[in-house]
Amino acid sequence: MSRSKDEFFSIASHELRTPLTAIRGNTSLMLEYYQEALKDPDLRQLVTDTHDASIRLIGIVNDFLDMSRLEMGKIDFKLAPVDLPALIEETLKEYQVTGSRQKLSLEMIPPAETIPPVMADRDRLRQVLINLVGNGIKFTKEGGISIELHVEGKQVAVWVKDTGTGIPLVNQGLLFHKFQQAGSSLSTRDTSKGTGLGLYISRLLCEGMGGKLELVSSEEGKGSTFAVRLPIAG
Ligand SMILES: Nc1ncnc2c1ncn2[C@@H]1O[C@H](COP(=O)(O)OP(=O)(O)OP(=O)(O)O)[C@@H](O)[C@H]1O
Ligand SMILES: [Mg+2]
């Protein structure tokens with residue numbers, strides 16, 4: 001993206017956040033404190049849909065903001081040693097409710113070896129893991145998501161494995177590009193499922209921390225494994 005376009009994205013996204021946050025906040029208050037006024041189920045549904053839509057939009061706007069900042073090199077990574085098993089437990093907890101609602105298992109396989117701390121920006125790494133586990137959940141109907149940790153030379157690899165739809169070989173090449181949704185062409189995309197920025201942003205975040213994000217393997221109907229690789233601290 002050109003610089004002026006990047007700046008436009010960055011400013012527009014920022015400006016959009018304030019009114020969107022108001023819509024999310026107000027609809028949330030209405031649902032919580034105006035139950036009497038929202039007795040009519042149709043009216044309640046309208047407010048609920050508006051609330052959900054605002055949450056989706058805030059997610060998209062945040063992704064646009066991250067995308068333009070990453071492309072302009074404007075994200076400062078605060079690198080420090082990170083305890084991976086603790087961060088992974090934290091990430092999985094966020095999805096506990098969604099996971100059990102969809103009857104999917106979510107687990108971290110206890111590592112066979114001691115996992116040394118990695119050098120990373122904890123919040124940004126959390127964002128990457130949330131994206132990967134979120135994708136796993138979104139594209140898995142049965143089974144679940146498991147996370148494995150492996151020491152590989154001077155790096156630690158975090159494998160995020162799912163038992164979901166898998167990704168057709170022809171689509172695997174473009175997976176980490178922006179606005180790519182492997183299951184559909186641009187004209188038929190189902191935007192209710194996302195914008196196709198998650199893996200692009202996650203890849204740039206990993207690279208910004210001196211790491212890597214890769215697809216390890218994927219088989220249609222069987223599932224996929226993604227790997228985040230990060231340098232060992234010290
Ligand atoms: N674990 C997975 N299993 C199957 N397909 C996947 C998986 N992860 C990603 N994909 C495919 O890759 C595409 C791109 O993923 P990405 O996370 O970038 O976008 P998204 O999830 O569609 O939208 P967003 O992340 O912006 O909400 C997805 O639309 C999907 O087709
Ligand atoms: Mg995604």
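**Salt bridges and the ligand shell in a predicted model**

Glu214 is partly exposed, at a relative accessible area of 29% (buried means under 20%, exposed over 50% and partly exposed in between, with a 1.4 Å probe and protein chains only). The model is predicted, so local features need pLDDT of at least 70 and side-chain atom pairs pLDDT 80 or more, while totals for chains, interfaces and linings use all residues. Residues are numbered from 1 along each chain as its sequence is written, chains are lettered from A and ligands numbered from 1 in the order written, and side-chain values use heavy atoms, without hydrogens and water.

Glu214 meets Arg229 in a salt bridge, with 2.5 Å from N to O (a side-chain nitrogen of Lys or Arg within 4 Å of a carboxyl oxygen of Asp or Glu). Arg229, at 15% relative accessibility, counts as buried. The structure holds 12 salt bridges. In another of these, Arg126 pairs with Glu90, the closest N and O atoms being 3.1 Å apart; Arg126 also pairs with Glu94, at 2.2 Å. Shared partners join Glu90, Glu94, Arg122 and Arg126 into one network.

Turning to ligand 1, its shell has 7 nonpolar, 11 polar and 3 charged residues (Ala, Val, Leu, Ile, Met, Phe, Trp, Tyr, Cys and Pro count as nonpolar, Asp, Glu, Lys and Arg as charged, and the others, Gly among them, as polar). Oxygen atoms of ligand 1 lie 2.8 Å from a backbone N or O atom of Leu199, 2.9 Å from one of Gly196 and 3.1 Å from a side-chain N or O atom of Thr195.

Methods
Polar contact = N/O pair within 3.5 Å; in protein donor to acceptor, adjacent residues only side chain to side chain.
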